[in-house]
Amino acid sequence: MLLLSFIAFSSFVIPSRCRFIDLGLDDDYYSSPNDAVDGDPLWLRLREGHNSSIDEYPEQDQVFSGNFEEIYDSQVNGIEIYENDIIVNRSTQFYRNHSDELNERTFLRDKAFHWPTTTIPVIIDPKAPYTRRQRALILDAMWQYHKHTCIRFVHRTRELDYIFITMDPKRGCSSNVGRQGGRQDMYLKIPGCVTLVGTALHEFMHNLGFFHEHSRPDRDSNIKILLDRIMPGFEGNFKAFSQVFVDTLGQPYDYDSVMHYSAVAFTKDGSYTIVPYFADVKRLGQRKKFSRIDIRKVNRAYRCPQRDTESDPEEDQDSAVVSATMPSNTTRPEKIVKIFGGSPGLCNTQGPVDAAVFNDGKLYVFKKGYFWVYRMISRGHFGVTHLKPQLVTSKINEFLPKRMEAVVRLDKCFYVFANDTVYTLTALDSTTAVDITATQRTFAPLRWRVRGMVQMDNQTFFSNGSLLFSYNPINDAIIGQLQLSNASGLPLTHDMIFNVDDRRVMMIGGSKVYLTRPGTLVVEEGFPTSFHSAFC
């Protein structure tokens, strides 16, 4: 959804006094089970000769199952919500300046409502009842912008203009269009708006100044709107803008856009309300990822350098956590990768290691603002992985602690624990998105200093230095605890604990390291040994 103020890059329509609807978009809704022929959607069959005209589509025998639309109040505390997710606040200077245009369902090409730079301050409401996974999904949406465009969402400090992400059941998924000035709220309702990452991508695009794809001036050459099938009173949501008001940025019509309505948007009986004119269209709209054209539009609108064809939204997100690549012909020691100010030297005598975490076959070891990436090359012996060295040229975030208590990896995020606070990072380089919350807001049952996390036999355990607590990451709950015995050969207390591969665990106590046998919590023969003998 969005809050209307600045009119910019796609298209959008403002119905008179319309109610707010939360559209549930699902690939299963794009074709009717009873109308399908070999799995093809209805409009594909029409173009293949099953019917002679787009106007001769058959009636559907049954309404699509599932509650994919929810109706909300169109006004909440002076805020009006148009076209499902556009918010207009009549008390703002924008509305007072442009009320005539709003009433006439037009909008302005007013650069005052563009964000002046590609760096946009954001806060996720620390009091909003989002779960850890829901917060991670919002961060993942930000990181998709960082990965594919030059937009950078940063944690707000003292900036006057910023996006405040919060939750209000009456406002569903809704946002402003473009920069409003001051705090502008972006609403993501629980659970419907924080289930698919594309919903957050959609709302962020509204905040950047984009409207819905079906409102483009050339839409009638690409889709047919079936007005007789639309819920009464919502027809205004399907009007198109004139080229006078809409900049399509030289891009073709995008059926797969994260900004496109579904084929059954605002349907009154489950039948199609939008059908495309072209046979190769497999679906209308989605809320899973950027389309290639979505990426191109953002990059052109904000003049990102050389970004039109560089990014692929299909790429594995988890492979880019350090933005580095593996060369094939060298085994030289890896250079340290700086993530914030501090003194280098993993293997010197300047204090202990701060934290370590295993992820995707690699071990990340942290010390005084730097991290090293290792792989176990033999039992209990580690070699520094030669990744392409990358020195971050600017601080990821000025709030990151100089000393970490623990780092864990869940939900495709790195969670850094320090001083009763959790810093959530989507990556370890300058592309990261950041969230900062109290520990118990993110991990409710963790009421003690975290010493690390390990995963064994599909179980997750958090450590407080003497006990291992079995943790259910789905329900965010402690479901049991385990105390080590002298018979295991492991220390009864430790400074940190982490996986070194999918089946082995390492503990560090002082300068000693303890490695377990595969699949057990029993010390491996030849251990303990010194930290330097294993890593340096």
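This tour starts with the whole chain, then goes through a helix pair, a neighbouring helix and the cysteines.

**Before you click**

This is a predicted model, in which local features need pLDDT of at least 70, side-chain atom pairs count only at pLDDT 80 or more, and totals for chains, interfaces and linings use all residues. Residues are numbered from 1 along each chain as its sequence is written, and side-chain values use heavy atoms, with hydrogens and water left out.

**Stop 1: the whole chain**

Colour by secondary structure and you have 7 helices and 28 strands in the protein chain. Helices (H or I, at least four residues) and strands (E, at least two) are DSSP runs, numbered from the N terminus. Of the 536 residues, 57% are buried, where buried means under 20% relative accessible area, exposed over 50% and partly exposed in between (1.4 Å probe, protein chains only). Take the contacts (heavy atoms within 4.5 Å) with a separation of 6 or more: 68% of them come from residues 24 or more positions apart.

**Stop 2: α3 against α4**

Select residues 132-148 for α3 and 197-208 for α4; the two helices pack at an angle of about 55°, with their axes 9 Å apart. That angle makes α3 oblique to α4. On this scale, angles under 35 degrees count as roughly parallel, over 145 as roughly antiparallel, 65 to 115 as roughly perpendicular and the rest as oblique. Axes here are lines fitted to C-alpha atoms, for helices over the stretch in contact, and angles run from 0 to 180 degrees between N-to-C directions.

Now show side chains. From α3, the contact uses L137, I138, D140, A141, M142, Q144 and Y145; from α4, V197, A200, L201, F204, M205 and L208. What kinds of residues make up the contact of α3 with α4? They divide into 11 nonpolar, 1 polar and 1 charged. The classes are nonpolar (Ala, Val, Leu, Ile, Met, Phe, Trp, Tyr, Cys and Pro), charged (Asp, Glu, Lys and Arg) and polar (the others, Gly among them).

**Stop 3: α5**

Next, select 292-301. 7 of the 10 residues of α5 are buried, so this helix is largely enclosed by the rest of the structure. The buried ones are I293, D294, I295, K297, V298, N299 and A301, and their cover includes α3 and α4. Step just past the end of α5 to R303, which takes a positive phi of about 55°.

**Stop 4: two disulfides**

How many disulfides does a search of the whole structure find? There are 2, counting a disulfide as a pair of cysteine sulfur atoms within 2.5 Å.

Pick C150 and C304: their disulfide has an S to S distance of 1.9 Å. C150 sits in the loop between α3 and β7 (152-155) and C304 in the loop between α5 and β12 (337-338), so the pair ties together parts that are 154 residues apart in sequence. This link is left-handed, with -70° about the S-S bond, and both cysteines are buried.

Then jump to C173 and C193, also joined with S to S at 1.9 Å. C173 is in the loop between β8 (162-166) and β9 (183-187) and C193 in the loop between β9 and α4, so this pair ties together parts 20 residues apart in sequence. The torsion about the S-S bond of C173 and C193 is about -90°, so that disulfide is left-handed. C173 is buried at 3% relative accessible area, and C193 is buried at 0%.

**Last click**

Finish on C413, which counts as buried at 2% relative accessibility.
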